[in-house]
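Good morning, and thank you for making time for this presentation. I would ask you to look at the model first, and then I will begin with a point of backbone geometry.

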Amino acid sequence: MALCVKVPKKKGEETRQKLVAEGIFDPSFVPLKNGEFVFFPVKKKPASVDFPVVRKELMTRKKRFHSLEDALRGELTPDELDGLVRSFDIVGDIAVLEVPDALRKKERAIAKAVMDVHRHVHVVAKKASPMSGEFRVRKLKIIAGEKRTETLYTEHGCKMKVDIAKVYFSPRLSFERQRIASQVKKGERILAMFAGVGPFPLVIAKRQPHVEIAAIELNPDAVRLMEENIRLNRLEGVIKPILGDVREVVPRQFRGWADRVLMPLPKDAHEFLSEAFIAARRGCMVHFYHFAPIGKSFTEARKLVRAAAKKARRKVEFISERVVRPYSPQTEQVVIDFKVLD
Ligand SMILES: C[S@@+](CC[C@H](N)C(=O)[O-])C[C@H]1O[C@@H](n2cnc3c(N)ncnc32)[C@H](O)[C@@H]1O
């Protein structure tokens, strides 16, 4: 039972402010509206207002935690807290965590803490294998919340349906998508290799719809979601989803077609540089993503581009380069933007 002041509703807000100013409003309980009255929880009898003070059953307010560590203090020992992997991705309302083996018995508590800190998270999944295969997906185990892996994610005003168990998706490339979208000009033809559920094409087309985008993807689940996402964002006719292998589709349909080529494959994108040169018309801009050891990443990426350009008998000009994100203590992902000159 909480100590409360019983206030007529029409005097509610004015009284609440007085109680807060007096420093006796009790935020650990939720005020209760009942008929013509509202019951404000107080720490002691107020001096600033003259309404009846009563005892009433009120709901306790959940404590607001600002960090995972904060929410887990008391649940985990200091050593366990040290072993916690603090960074994790949130895709829509699904959090995807890495739980070290030593903390397996505490995974429920960790998942609950994630939901306490991030109130919009309704599913917590644990990474149960590394990413693998051509589709770049991993096994997941749901450790708290609803039993589903599909969610709706919003980025730069685009809505995207994603199934994190069936397709690759990373919210960490959000800045890159916007960076590239900001360069696109009216009338461009864009070849989006490795398109996934369509995040690069969608963000570009939302910002500049007067373009043609061919989005090639090998994973049928990703293409199905990309088709839904195109409809969801009313970009039919702007983005053309194509189920297939870049190696087969590009030489067959897109020779000398593209003003811009996107190559966001996390690993081994250089193996597809010959297809990028096949698609590139004169002046085409290519965005080439590459994983490499920190310190050598740009040199290695430029070397791979030069070698592929030589093989394709094309001239290139390097326009810009940036680190996209650190990947592991030894490796990072970089992007090189280069122009095909002839
Ligand atoms: C890292 S994901 C990128 C997905 C998307 N661009 C994104 O940012 O979320 C790479 C994608 O390339 C697809 N892929 C792999 N090899 C491919 C190929 N040879 N042709 C077409 N797509 C391929 C995979 O299925 C996967 O969805």
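H156 is partly exposed, with a relative accessible area of 35%; here buried means under 20%, exposed over 50% and partly exposed in between, using a 1.4 Å probe and protein chains only. This is a predicted model, in which local features need pLDDT of at least 70 and side-chain atom pairs count only at pLDDT 80 or more, while totals for chains, interfaces and linings use all residues. Residues are numbered from 1 along each chain as its sequence is written, and side-chain values use heavy atoms, with hydrogens and water left out.

H156 sits in the loop between β9 (150-155) and β10 (158-163); helices (H or I, at least four residues) and strands (E, at least two) are DSSP runs numbered from the N terminus. Its phi is near 45°, a positive value in a residue other than glycine. Most residues other than glycine have a negative phi.

R313 also has a positive phi, near 55°. R313 belongs to the loop between α10 (297-312) and β16 (316-326), and R313 is exposed, at a relative accessible area of 75%.

Turning to the domains, an automatic or database assignment divides the chain into domain 1 (2-56), domain 2 (68-148) and domain 3 (168-340). How far apart do the C-alpha centres of domain 1 and domain 2 lie? The separation of these two centres is 39 Å.
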